Structures are given as structure tokens and as C-alpha cells.
Amino acid sequence: MRFGQLVQKLGADHHSLIAQTDLDPEVIGVAAIDAASTGMLSYIEGAKFAAQIDTTAASVLILPQDVTLQSKATERGIAWIAARDSRLVFAQAIALFYQPFKLPPGIHSSAVIAPDAEVGDNVAIAAHVVIQSGAKIGANVCIHPNVVIYPQATVGDRTVLHANCVIHERTQIGADCVVHAGAVIGSEGFGFVPTAEGWYKMEQSGRTVLEDGVEVGCNTTIDRPSVGETRIGRNTKIDNLVQIGHGCQLDEACVMAAQGGLAGGVKLGKRVMLGGQVGVANQAKIGEGVQAAAQAGIHNDVKPGEIVIGAPAIPYRVFLKASAVFPKLPEMQKALRELQKRLGMNNQTD
Amino acid sequence: MRFGQLVQKLGADHHSLIAQTDLDPEVIGVAAIDAASTGMLSYIEGAKFAAQIDTTAASVLILPQDVTLQSKATERGIAWIAARDSRLVFAQAIALFYQPFKLPPGIHSSAVIAPDAEVGDNVAIAAHVVIQSGAKIGANVCIHPNVVIYPQATVGDRTVLHANCVIHERTQIGADCVVHAGAVIGSEGFGFVPTAEGWYKMEQSGRTVLEDGVEVGCNTTIDRPSVGETRIGRNTKIDNLVQIGHGCQLDEACVMAAQGGLAGGVKLGKRVMLGGQVGVANQAKIGEGVQAAAQAGIHNDVKPGEIVIGAPAIPYRVFLKASAVFPKLPEMQKALRELQKRLGMNNQTD
Amino acid sequence: MRFGQLVQKLGADHHSLIAQTDLDPEVIGVAAIDAASTGMLSYIEGAKFAAQIDTTAASVLILPQDVTLQSKATERGIAWIAARDSRLVFAQAIALFYQPFKLPPGIHSSAVIAPDAEVGDNVAIAAHVVIQSGAKIGANVCIHPNVVIYPQATVGDRTVLHANCVIHERTQIGADCVVHAGAVIGSEGFGFVPTAEGWYKMEQSGRTVLEDGVEVGCNTTIDRPSVGETRIGRNTKIDNLVQIGHGCQLDEACVMAAQGGLAGGVKLGKRVMLGGQVGVANQAKIGEGVQAAAQAGIHNDVKPGEIVIGAPAIPYRVFLKASAVFPKLPEMQKALRELQKRLGMNNQTD
């Protein structure tokens, strides 16, 4: 593809694109800026990465709207496109060059499908898949090898289930979802009631629902509750190795990074973003647009729009300032003792 | 089922039940209190949830022993049962209405079972299960699709292995256990000895033992040791995505919430309860009845009965008080400096 | 095996071994020191465990180079070997007695292998394995049941893939690697770009590379990037339930303990050691030989050779001292207030 054609294709979506017009190199693929060779397209996100323009062998760069960076690229003979969101335009450029692997339609002879399961048109069902009684699979669904679908589960149109994932009984998965390898959806919530005779197992009669456009990462687990639903809202994206407990309700367009965990009955508002290894306690309500940095431990409700970190989680700036003082605690303790001694006060801080 | 019949069935186990006798509605199912409709049975755990009685559409409620709550329900025409442990009685009510999915007995033709494996009576072995040489499967065992059992493993009577879990060589699983989807039991401990030539792999010749009544969550991993055993005691319940290192010994009736991790050789006494994302360091001994709150990092032994939190873990109350002061550290540092200045002392806390 | 033979076999590698010569018991196996019975070989790592020599029933002990321990063993009639690294010699002794399970060579009839996949000599491919188009499997590779290999992946000679693991498209796995059960290698990086219309999915056109001698734990997930590579260096060992984000570069001989997580683009130098549940933020560069203790949260670059802990991670000794003062914060706050009051200053720390 010539650079001019690329600009045209990307520009269709982005009227704010500015492109250099003096050069028209051949573009043969996409690469990271430090690994790109001649003919490759790459990008930088901001002025912080300016030095990489001096050394890259890329023929084309997608740049932010920053005239200095653009001049730098021009000087080095690199064709460039400037965009309000260079990462988004780069993502769209990747899609022009990359053809993701898709299972060809058809049902492999080794798949075991219950006679009363319903299977839509044009599905791809790979080797050793098991689909049990009463399950309903939509049109154009793609089920990779060794996936197991328990009874009465439903899978919406165009959804992709990667290898070895498990969909438990009664789970409802919407359209255009992706469940990555090894994920387990709709498993029994962890419900045991203490009694004099030991732990009494609470039956988990509820179900898990993924609305349309949800993505669930590898080896992530999403439990169902004893009654009612665990519900993941539209377009919510969940990374690998995440735990979502019974009865959680995630609203639309949330993001949970890897290894985060929600205890039972947690509620996330719209567009909540939780960093890696974040934990949220039972029944906590996290308001719309809240962001929690990695490893935050959220014990209580968080108001909409807050940015929190730490365990127990507190506002981000407060945490950063307090953390900077934390290493000084021994000196502070010593200073306090000296002050107390000087004033003849009792020392109560040892 | 009429309310009267329900009271009779539940009362058989709970002689302390009090039931309203004026009403006898039809009960058709169980639901969460905020989602219940006419005919549904629900519950609340305590006075904190009293307001929900005003708005629920449930026909029957299980309540704690609290006369105010009972009057509230009576006023709204809701039949109620009052119990010492309303959550337990609700769990028992669910079991009256919910029929969990069970694999029908029989061995699917696609299962691959070694000729010298022993399989008990009345087992259910689903599609694509693999049972290797010398394995022993008890009576009434239920093995869901795509489970893999390595050689010489044993599985006790009535145990359920969910889809895609893996039981490694020599593992011993007791009776009445449940291993959830994707869990890996008896895998090689992480043992590498540093040498001048690099990491020397220590063979893991031991085995993992689950005693009777153990439950292991989805995608949880329990390693075996180089010598000896990793042992999970009777009726211990382990949630999803938990890691249990080589040689750990958990006593009976412990509970580990999701994403907790035990390093090698950890010992848990009876009825230890560890919250989500808790970590315990190598060889630590955790006494009987210890409770550790979510994300605790336990570096050392903990005495029986303690309740700890934080990393390093300290007593719960101490942590809560100190955490409340933590955000004030910058102000405290500033105040110290001013005091030092006032008294003409050197500032050593920057 | 007689003790004398054992000494000879172990001594071949360890010229610094000293062995007692008065005794020559039969050695029939290996065991932990507190579980060993007559005929068993065991070991202790240091003087800290000296008391166990008094009570063990082991016939042979591998000891550190400590004359007191050796005398203790001699007094109890226990044959002993003293070594500079008793744990390493014990590991080598285990290998003399333990025959790990290996799949017999051959391709099971239920395996589904694409016609254009290449399979080397002497492979073991177990039941229900799926190998897709264009994949290349080296010689002597061992693939356990229900493993799924996506198109164009390559697996080097002698590598072992345990049950139910998933190798995604284009992944390159070197020789002599071990991928444990349920691990997912080369899955799509978690890349979503925010737009006015919602999350735009960034295609993940890159690949994941495991160099020779890498070991990956059970249910661990290693993503591929949008462009370029995620790369795990030679002889790096990764424990269970670890998350490695898109584009991470781990140099050789690193170790990551269970449940650790690396966000996107993290770089680890040679021989970095990360404890359990450690998290490292996007793009952080961790220098050669860095050690991070369990649960550390690394937000920024770390210089070679540092030992860090805490979140945000700080030097180990600083953290220990500051953590010891942390529980005193309420008393310190109170003392500060009293000092301020005494000097007639405003209280600004409430």
C-alpha cells in the first residue's frame, strides 16, 4: 500500500488527520518504533518519546498533533500522519495490515453436541467441543477446540469462545463477546454457611449474564450467585486471571486489568476502571467513572469520579504524598522522642 | 409449595424457628430480596437491611430474630419465618427449590480410559475425559468433559470433577470433594536450586492429598512437593484462582477466598480463614482459627485466634487505627519540622 | 542402593562433598526430615534445623558444612554427606530415586492434527490434542491430553506441554521448555483504545516467544502484543497463575513466583527475582539481579541489584524499619498534638 492510500483509508474516519504530502513511500506492515525497518509504519504517543524519531528506521510514523515532532520526522525523511489520538489511528492502521486467525465455519466430527442443543447458521465448532443439553448457540459463533458448554447456556451471535474455556449451566452470553482461553463463566459462587457441624454448602441457583460486546480474559473466573444474577454490562472488558464473585453487577464499558478481584455483590458503575491486582470487598458500590490504581484494596463505597489507590484505598494524590513520607517514619519517631525529652514529656510512642 | 409446608420442612432442622401463622401463601421459588416477585421467598441477614422489607415484592421472608423486622413484614402482608441464622435457613430453602445439574451416569464413548485404571460403580464420565494408567475412580464419581487424570491418581466416592480440570500423577482426592473447572491439582512444585550453571530443577517426587469434603475453586492450582505431601484437610473450602505451594498443610475446615496464595510449606491450623488476595510466606505457621483480611501479607507465624490485616500483617484494630492516620503523614512531618524549628533543633526528617 | 554408592554418584558432581565413612546403610528413598523412616535419605539446609537431627528416623542425611551438625548425626548413628549446598545435593539425590512420569512416544488416535502441521520424530501426542494448520512440533516433544495448539505456532525439541494448556497462533516455544497444565501462551494482549463510541479493540498482531529452557506454571497467562514480541529469556522460570502482559521482555534466568503480574511492556534484566503477588506497572525497567519481595508494587524503574518491597516499592531495609513504626502512628499523632498544645501551636494534623 502506498502512503497516500493509507492516509485516505485512515482519514475516512478521522477528519482531523494531517498528513505530510511530499513523500509517498510503500507501506508493507506495522511495527513498534524501536523494531521497525524500512517500509514499516509505526507511531509514538507523545513528546516524551521524541528521541525515538531520531533513530527509528520506520518509513511512516503516526504522530500526535505536535509541530516539533512533525518537523523532526520530516527532517529524517519519514512520512507522517498527525492525529488527535495517535494510538487510535495506529490501532486502525494495524487492522489494515493484520488478518486475525478465524476458525473456518463448520462443525468438527469430534465435537459432541446434545441432540436438543440449538446451533445457529454458519457456526465454527472445532474439535472436541462439548455442547450440552438445551444450550443455544447463535449464528456465526466461533467455538475453539475443547470448549465445554454446560446445559441451558446461551451464546449470542458472532461471539468467540477460545480454546478450553468453560461456560456453566444457565449462563447467558450476548452477541459479539470474546471469551479467552481457559476462562470459566457461570461457575458456582463461593457460598458456605458456618454451622455447628461445619460448612453448609449454599446451592448456587442463579446465573451469570454477559451482555453484548463483553470481553473476558484468559483463565478469568466469573461466578454465579445463590439467587439472581451476576451481570457484566455491555462492552465491559476484563483482562486475564480476574475473579468476579457471585452477584456482582458491572455496568457498561468498565475495564478490569489482570488479576483484579471482586468479592460478592460488588457493584461497578459505568466506565469504572480498575488496575491490576485491585481487590474490592463484599457489597461495595463503586461509582461511575471511578479509577483505582493497581493493587488498590477497596473496603467501602467509592463516590463517582474518584481516583483511588492504596489499601485501604484513599484518593490518589493523598496516597502519593503520604507514601513519600512513609520511609521517614523511623526518623520522625526519633525526632518526636527528642522533642518530648526536651520538653520533659513522657514518651508514649515506643 | 404452601408456606405451611415450607415451615414444616425447614423447621425439622431448626427447632428455634418462629413462623407467622396467619398467612399461607404459595411459594414458587427463591430470589434476592430486591429482585423477588410475588410467590418468591427471600431473606435479609440483619436490621441493616430493614428498608428492603418496605419495598420487596416477595411473598415470604426469612428474617433474623428481631421483633421489629417481623412486625414490618406482617404489616406489609408478607409471611415470615424468624431464625437464629437467617442465611443458613435461606440456604436450606434454596435446596428445596433448586435441582442442581448432575451428569447422568454412564461413560461417554469418547472418554479414553487406560485398561488398568479402576472405575467404580455408577460413575458419570463425560465426553473427552482422559483417565491414565493406574488411576482409581470411586463409586458415584462424576467427571465432567475434558478432565485429564494423570497416572496413579485416586478419586474418592461421590466426588465431582468439573470440566477441564487436571489431576496430576499420584494425587489422592477423597470422597465428597468438588474440584471446579480448570483447577490443577498435584502439579509440580516450583523448585529450582541456583547453581553456577543456572537453575537446577528439583524433581517433585511427592504428592498432593485432598481429604474428604474438600472443595477447590475454578483455575486454582495446588502443587505437590519434592518429597512428602501437600495436604488439604477435611472440609476445607478453597475459592477460585488460589495458589497453594508445595508441601503446604491445611488442617480441617479452613477457608481461603479467591486469589489467595500460600508459598511453600505453609501450615494452616483448623478453621483458619484467609480473605481474598492474602499471601502467606514460606514455612509460616498460622494458628487455629486465625482470620486474615483481604490482601494481608503474612510474613511470619500467627498465633491461634488472631485477626490480622495489612502487609506485613498486624492485628486488625491496630491496622485500622494506623491506616486512618496514614493520610496525615505529610502534615505530621510538617508539624514536626515546625516544632523542631521552634526549639532550635536540627531537622532530620526530610 | 548402598550409602557408599550414593556418595560416589553424588560426588561425581561435587568434589567438595565430605561423607562419613563408618556406616554404609541401604538407601531406599528420599523424604522430608520429619517424615523420613529407616532407609530414607533426607537433608537439612542449616543449623537452624539442627533439632530435627535429634528426632529424625532417616538413615542418611545431607548436611551443610557444619562440624557440629555432623557430630550430632554421627552420635545418632546416621550416615551423612556434608556439602556446600545441601539443598542442591538433595535435589540431585531425589533424581537418583525418582522416575518422573513421561508419556510414551506415539500419537493417540483421537488427536486432531492439521495435514500441513509438521511433527518431529519420536513425539508423544496424547488423547484429544489439537494441532492446527502450519504448526511445527520438534523431535521428542511431549504433548499431554487436551492441549490446543493454534495455527503457525512452533514447539522446540524435547519441550513438554502439560494437559489442557493452550498455545496461541504464531507463538514460538524453544527447546527444553515445560508449559504446565492450563497455561495460556500467546493470547491477545489487553489493548482497548477509548473513543467517543466506546472501547476500540486493538488487534494483537505480534507474537510471544519462549526461549530455550523456559518453564511456565499452571494457569499462567502470557499475552502477545499489538506489534512486535513478548519475549521470555532463556532458562527463565515462571510459577503458577502469573500474568505477563503484552510486549514484556524478560531476560535470561529470571524467576517469577506465583500470582505475580507484569503490565504491558515491562523489561526484566537478567536474573531478576520477583516474589509472589508482585505487580510491576506499565513500561517499568527492572535492572539485572533485582529482587522484589512478595506483594511488592513496582511503579517505576528499579536499578540493578536493588532489593525492594512494599507498594510503592522501596528498599527492603527502609521498608522493614518504617513498617515497624507504622502501628505507632496513632500514638505519634497524639504526641504531636500534645507538643503543639504545650507550645501554643495550631494543630494541623487532625
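This is a predicted model: local features need pLDDT of at least 70, side-chain atom pairs count only at pLDDT 80 or more; totals for chains, interfaces and linings use all residues.
Figure 1. For the complex, the predictor gives an ipTM of 0.96 and a pTM of 0.96.

**Figure 2. The two domains of chain A.** Domain 1 of chain A covers residues 3–97, and domain 2 covers residues 106–319. Between the C-alpha centres of domain 1 of chain A and domain 2 of chain A the distance is 37 Å. The average pLDDT of chain A is 95, and 98% of its residues score at least 70.

**Figure 3. The contact between chain A and chain C.** Chain A gives 54 residues to this contact, and chain C gives 54 residues. On the side of chain A that touches chain C, helix H4 (86–97) and helix H6 (329–342) of chain A each supply at least two residues. The largest share of that side, 7 residues, comes from H6(A).

**Figure 4. Residue classes on the side of chain A that touches chain C.** What is the make-up of this side by class? Of its residues, 31 are nonpolar, 20 are polar and 3 are charged. Helix H4 of chain A, residues 86–97, is among the elements that supply at least two residues here.

Notes. Residues are numbered from 1 along each chain as its sequence is written. Chains are lettered from A and ligands numbered from 1 in the order in which they are written. pLDDT is the predictor's confidence in each residue, from 0 to 100. Domain bounds come from an automatic or database domain assignment. Two residues are in contact if their C-beta atoms, placed from the backbone, lie within 7 Å. Helices (H or I, at least four residues) and strands (E, at least two) are DSSP runs, numbered from the N terminus. Ala, Val, Leu, Ile, Met, Phe, Trp, Tyr, Cys and Pro count as nonpolar, Asp, Glu, Lys and Arg as charged, and the others, Gly among them, as polar.
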